[in-house]
Amino acid sequence: MLGLEKKDFRLLLIVVALTMLAPFILNPFPEGSDMAQFNAGYPDLMQRFVIFGILAIGFNILFGLTGYLSFGHAAFLGVGSYAAVWMFKLLSMNVVPAILLSVIIAGVFALIIGYVSLRRSGIYFSILTLAFAQMSYALAYSVLTPLTGGETGLQPKPGDPRILDGALAPGETATPGFFGLFDMRDSLELSVGGWVFTFNVGYYFAAVIMIIAFYISIRIFRSPFGMMLRAIKSNQTRMSYTGLNARPYTLAAFVISGMYAGLAGGLLVSMDPQAGAERMFWTASGEIVLMTILGGAGTLIGPVLGAGFIKYFENIVSKINKTTLEGWFYWMPDGIEDVVITIIYPFVGKGWHLTLGLLFMLVVIFLPGGLVEGGQRIAAALKRKKPDDAKSSATEPAE
Amino acid sequence: MTKSNFSRRGVLKTGAIASAGLALPTYLRADGHSGFTNAPGDSQVILGFNVPQTGPYADEGADELRAYELAVEHLNGGGDGGMLGTFSSKVLDGTGILGREVKYVTGDTQTKSDAARASARSMIEKDGAIMITGGSSSGVAVAVQALCQEAGIIFMAGLTHSNDTTGKDKRANGFRHFFNSYMSGAALAPVLAANYGTDRKAYHLTADYNWGYTTEEAVKSSTEALGWETVNAVKTPLTQTDFSSYIAPVLNSGADVLVLNHYGGNMVNSLTNAVQFGLREAQANGQNFEIVVPLYSRLMAKGAGANVKGIFGSTNWHWSLQDEGSKAFVRSFGTKYGFPPSQAAHTTYVQTLLYADAVTRANSFNPCAVAEALEDFEFDGLGNGKTLYRGDDHQCFKDVLVVKGKENPENEFDLLEIVEVTPVDQVTYAPDHPQFAGGDLGTCNPGA
C-alpha cells in the first residue's frame with residue numbers, strides 16, 4: 001500500500017499510531033502521583049520528540065545509508081531556524097512559508113557545504129563538516145549579530161513589519177499559527193479520573209509532518225537510489241571501478257538530509273519562536289549522532305527512538321531534584337533513606353549527562369544495533385525462538 | 001486477517017471495563033478557564049527555578065538555587081525569616097503566598113537559550129508553575145523573558161547584567177532586580193577618575209557577545225565623559241581560554257588602562273594573563289598601568305586568586321554590607337549552608353521575596369495584577385538601600401557598589417572590599433537613553 005511492502009507499511013502504521021496516541025502513551029501516571037514526574041506528555045516535550053525525530057531520520061539517510069558521518073548537522077538545523085524566524089518577522093506568523101523557506105535555505109546551505117566536504121570521505125569528511133558547523137556557530141554567535149541576534153538569539157517582536165499579517169492589537173503577542181486557523185500553542189485537555197491528557201495543535205502539526213518525513217525516508221531506503229547509497233557505504237572503490245560516479249549520489253543524500261534538518265529547525269521555531277546560536281554548537285551536532293547510534297543507525301525507526309530517548313533524559317531526569325527524591329523515599333527509615341538518596345542523587349538533576357552517558361555505553365557495548373536491536377531481541381525472546389534465529393534477522397550496526 | 005471470537009465472557013469483561021472507564025469523571029476543555037495561565041489551587045502554589053546546573057555558570061546556578069530554597073523556606077515560615085523581618089513591606093507573614101504553601105520545581109538551563117526555554121516550558125506546561133525565575137546570563141534571561149511574555153507568566157530575572165534585558169529586549173512580564181552595564185559604567189567612572197586621574201588612555205578587551213558589547217559601550221561612554229580616551233577595543237571569542245595573544249599588543253598601544261569586559265571564566269583567564277605579562281608593574285605615558293574589571297563577582301575573584309588585588313570593579317551586592325537586610329540574609333544563608341552568599345544568590349532571593357510580596361499586595365496571582373503591584377514599587381531593607389522598581393522598563397534602581405580586590409584577605413570569602421557606594425541618583429538614566437533604545441515593553445499578558 002502507498003507503494004510500500006507489507007512489512008514497511010506495518011511499520012508506518014505503528015509510527016502513525018504511536019504519534020497520534022502519544023498524549024496517552026506518554027502520560028501513563030495520574031496527575032499528582034509521585035510517578036507523575038516521569039510523565040512526558042506535555043506539549044513542549046512531545047513536540048521535541050517528533051521534531052528531533054525528523055532531524056534523526058534525515059541524518060540517518062546520510063549516515064545510515066552512505067556511511068558518511070557528518071559531524072556538523074546542527075548547522076542546518078540552526079540555519080533553518082534563523083530562516084524561519086526571519087519569515088515570521090518579515091512576512092507572516094504563518095508557519096507554512098516559514099517552514100518552506102527553512103527547508104530551501106538549509107538545502108542550499110547543504111549544497112555548498114556538501115560540495116566542498118564530500119571531496120573527502122571518512123574522518124576527513126567528518127572534520128570538514130565539523131569545521132563548517134563551528135564556523136557557522138561562531139558567525140551566528142558574534143560576527144553576524146545583526147542578522148542572528150548573537151548570544152540573545154532571534155525572536156519575533158511586536159514591532160516587526162510582518163507584511164502579510166494585520167497589525168497587532170495592543171497587548172497582543174504574535175504567535176505562530178496555521179493560516180490563522182490554529183495557533184500552534186492551542187491545546188485541548190482531556191481529564192479522565194486522575195489523568196490529564198493534553199492534545200496540542202503544534203504537536204499534531206509536527207507529528208503529521210514527521211509521518212510524511214518518515215514515509216519519504218522509507219521510500220528512499222527502498223528505492224534504487226537508496227540501493228546506490230548503500231553501495232557507496234559497502235565499497236565505494238569498487239563502485240567507481242564499475243564506472244559509477246558516487247559524488248552526485250552522496251551530494252544528493254547530503255542535501256536531502258540537510259533539508260530534513262532545516263525542516264526540523266523550521267518546526268522548532270514554529271513551536272517556540274526563538275532561534276539561538278547554541279543550536280549550531282558542535283555538541284548539538286554530536287547529539288544528533290548519538291541519537292542515531294543509540295536508536296540504531298541504518299534502521300528506519302531507530303533514529304526516532306534514539307531522539308526520543310535523549311530528549312526524555314534531558315527534560316525529565318534533569319528536573320528531578322533532592323526534594324523530589326525525598327518525596328519518593330520518605331517511607332524508608334531515616335538512615336536508609338539518606339543512603340539511597342545519596343546514591344541516586346548524582347545521577348539525576350544536574351547529573352543527567354552522567355546517566356545518559358552510562359546508558360549510551362551500555363547500549364553501544366551490549367546492543368551494537370541500538371535500541372532497535374534491543375526490541376528485536378525482546379521480540380525474539382517472546383516468540384520463544386532460539387537466539388540464533390534472532391541474530392540472523394537482527395540489524396547490523398552501521399560502521 | 002485476524003480472527004475474532006466473541007465469547008460471552010469476553011464481551012462481559014470488555015463491557016465492564018468500558019463502563020468503568022466512562023464512569024470516571026471525564027471532561028474536555030481548552031485552556032482559558034481561569035483568566036490567566038496556571039492559576040494555582042487553594043493549597044499550594046508552584047514556582048519554577050530555572051538555573052544553570054551544568055555548563056560554565058554552574059557555580060552561580062548552584063548558589064542561586066540555594067538562595068531560592070532559602071527564600072521558599074522563609075516564605076513558608078521556616079528558618080529565621082531572613083529578610084522578611086527587614087523588608088519595608090510587611091505583608092508577608094510566613095504563611096506562604098496568599099495562604100498557599102510555596103512549592104517549587106527546578107530545571108537546568110545549561111546556559112543555553114534553547115535548553116532554558118525547553119526547561120521553562122516544561123515548568124509551565126507540565127508542572128503548572130505560576131512564575132519563572134533564574135538564569136545567569138543575559139542570553140538566557142532574554143530568551144526566557146520572551147517565552148514568559150508569550151505564555152502569560154511572570155519572569156523574575158536572576159543574574160543578568162546586559163542592558164538589553166530591560167533595554168531593547170524588555171518585556172512587560174519580565175522584571176530585573178540586578179543592575180546593568182550602564183550602571184556599572186556610571187558608578188565606576190568617577191571612582192576611576194578619582195584614583196587614576198582624568199588623563200588616561202583605555203584599551204578594551206571585550207567578550208564577543210551582547211553583554212560584552214553593552215558593557216564596553218557603557219564603560220566607554222562614562223569614562224570618555226570624564227576625559228578618558230579609548231585607544232582600542234578588541235573583541236575576544238567567548239570560548240577563548242588563553243588571552244596572551246590579545247594582551248601582548250596592549251603595552252605598545254599607547255594605552256595606560258586595560259578594561260576587561262569579561263565575565264566568569266573569561267575574566268579569570270584574561271586577568272591572570274594580564275598579570276603574568278607584568279601589566280600591573282608596567283609604566284605607560286608616565287603613569288602606572290592599571291586594570292579594570294567592570295563586573296565583579298566573588299566567585300570570579302576566587303577563581304583569579306591573588307591577581308584581583310587592588311583591581312576596581314562594580315558589583316550588585318556584597319555580603320560584607322552592614323545594613324540590617326544584608327546582615328539578616330548573610331546570617332540565615334550562612335547558618336543553612338556554612339558560607340556567605342554571592343551576589344547571584346542575593347538577587348534571586350530578593351526577586352522571590354519581591355514576587356511573593358507583589359502577589360500579596362495585589363491579592364491575586366494574575367500576572368497583570370502582579371506586574372501592576374511591582375511597577376513603581378519603592379522598597380527598602382533588602383540589602384541595597386532604598387530601591388525603586390521603575391514601571392517604564394521594569395528595572396530596579398538602587399545604589400551600586402564599587403569594589404576592589406582586597407590586599408590582605410582574611411579568609412577565602414573575604415576577597416573584595418567596598419570602595420564606594422555610588423548613590424542611586426548617579427546611576428539613574430532616562431528610560432529612552434540611547435543605550436536602551438529600540439525596545440518596546442508592550443503590555444502585560446495574563447495568558448490563557
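This is a predicted model: local features need pLDDT of at least 70, side-chain atom pairs count only at pLDDT 80 or more; totals for chains, interfaces and linings use all residues.
Start with chain A. Its secondary structure comes to 18 helices and 4 strands. Along its principal axes, the C-alpha trace spans about 75 × 70 × 45 Å. How does the radius of gyration of chain A agree with that of a compact globule? A compact globule of 399 residues would have a value near 21 Å, and chain A has 22 Å, so the two agree. Of those 399 residues, 49% count as buried. Now look at contacts in chain A between residues at least 6 apart in sequence. Of these, 73% join residues at least 24 apart.

Helix H3 of chain A covers residues 43-66. It has 24 residues, and at 1.5 Å a residue these should span 34 Å. The end C-alpha atoms are 34 Å apart, which agrees. The helix also bends, by about 35° at A:Asn60. Is H3(A) enclosed or open? It is largely enclosed by the rest of the structure, because 24 of its 24 residues are buried. Just after H3(A) comes A:Gly67, which takes a positive phi of about 80°.

Move on to chain B. This chain has 13 helices and 18 strands. Its C-alpha trace spans about 105 × 60 × 45 Å along the principal axes. A compact globule of 448 residues would have a radius of gyration near 22 Å; chain B has 25 Å, which agrees. In chain B, 58% of the 448 residues count as buried. Among its contacts between residues at least 6 apart in sequence, 72% join residues at least 24 apart.

Chain B is divided into two domains. Domain 1 takes in 44-179 and 319-393, while domain 2 runs over 182-315. Their centres, taken over C-alpha atoms, are separated by 30 Å. Where the domains touch, 13 residues of domain 1 are in contact with 14 residues of domain 2. On the domain 1 side, helix H2 (58-75) and helix H4 (138-151) of chain B each supply at least two residues. That side divides into 3 nonpolar, 7 polar and 3 charged residues.

Next, find one residue in chain B. B:Lys309 sits in the loop between helix H9 (298-304) and strand E13 (312-315). Is B:Lys309 buried or partly exposed? It has 17 other C-beta atoms within 10 Å, so it is partly exposed. Which residues does B:Lys309 contact, leaving aside its neighbours within four places in sequence? They are B:Gly405, B:Lys406 and B:Glu407. B:Lys309 and B:Lys406 are 97 residues apart along the chain, yet their C-alpha atoms are separated by 5.3 Å.

Finally, bring the two chains together. Their contact takes 40 residues from chain B and 38 residues from chain A. On the chain B side, strand E1 (26-30), strand E3 (101-108), helix H3 (113-125) and H4 each supply at least two residues. The residues on this side divide into 11 nonpolar, 14 polar and 15 charged. Helix H3 of chain B is mostly covered, with 13 of its 13 residues buried. At 1.5 Å a residue, these 13 residues should span 18 Å, and the end C-alpha atoms are 18 Å apart, which agrees.

How values were computed:
Residues are numbered from 1 along each chain as its sequence is written. Chains are lettered from A and ligands numbered from 1 in the order in which they are written. A residue is buried if 20 or more other C-beta atoms lie within 10 Å of its own, exposed if 12 or fewer, and partly exposed in between; C-beta atoms are placed from the backbone. Two residues are in contact if their C-beta atoms, placed from the backbone, lie within 7 Å. Domain bounds come from an automatic or database domain assignment. Ala, Val, Leu, Ile, Met, Phe, Trp, Tyr, Cys and Pro count as nonpolar, Asp, Glu, Lys and Arg as charged, and the others, Gly among them, as polar. The radius of gyration is taken over C-alpha atoms; the globule rule is 2.2 Å times the number of residues to the power 0.38. The expected span of a helix is 1.5 Å times one less than its number of residues. The bend at a residue is the angle between axes fitted to the seven residues ending there and the seven starting there.
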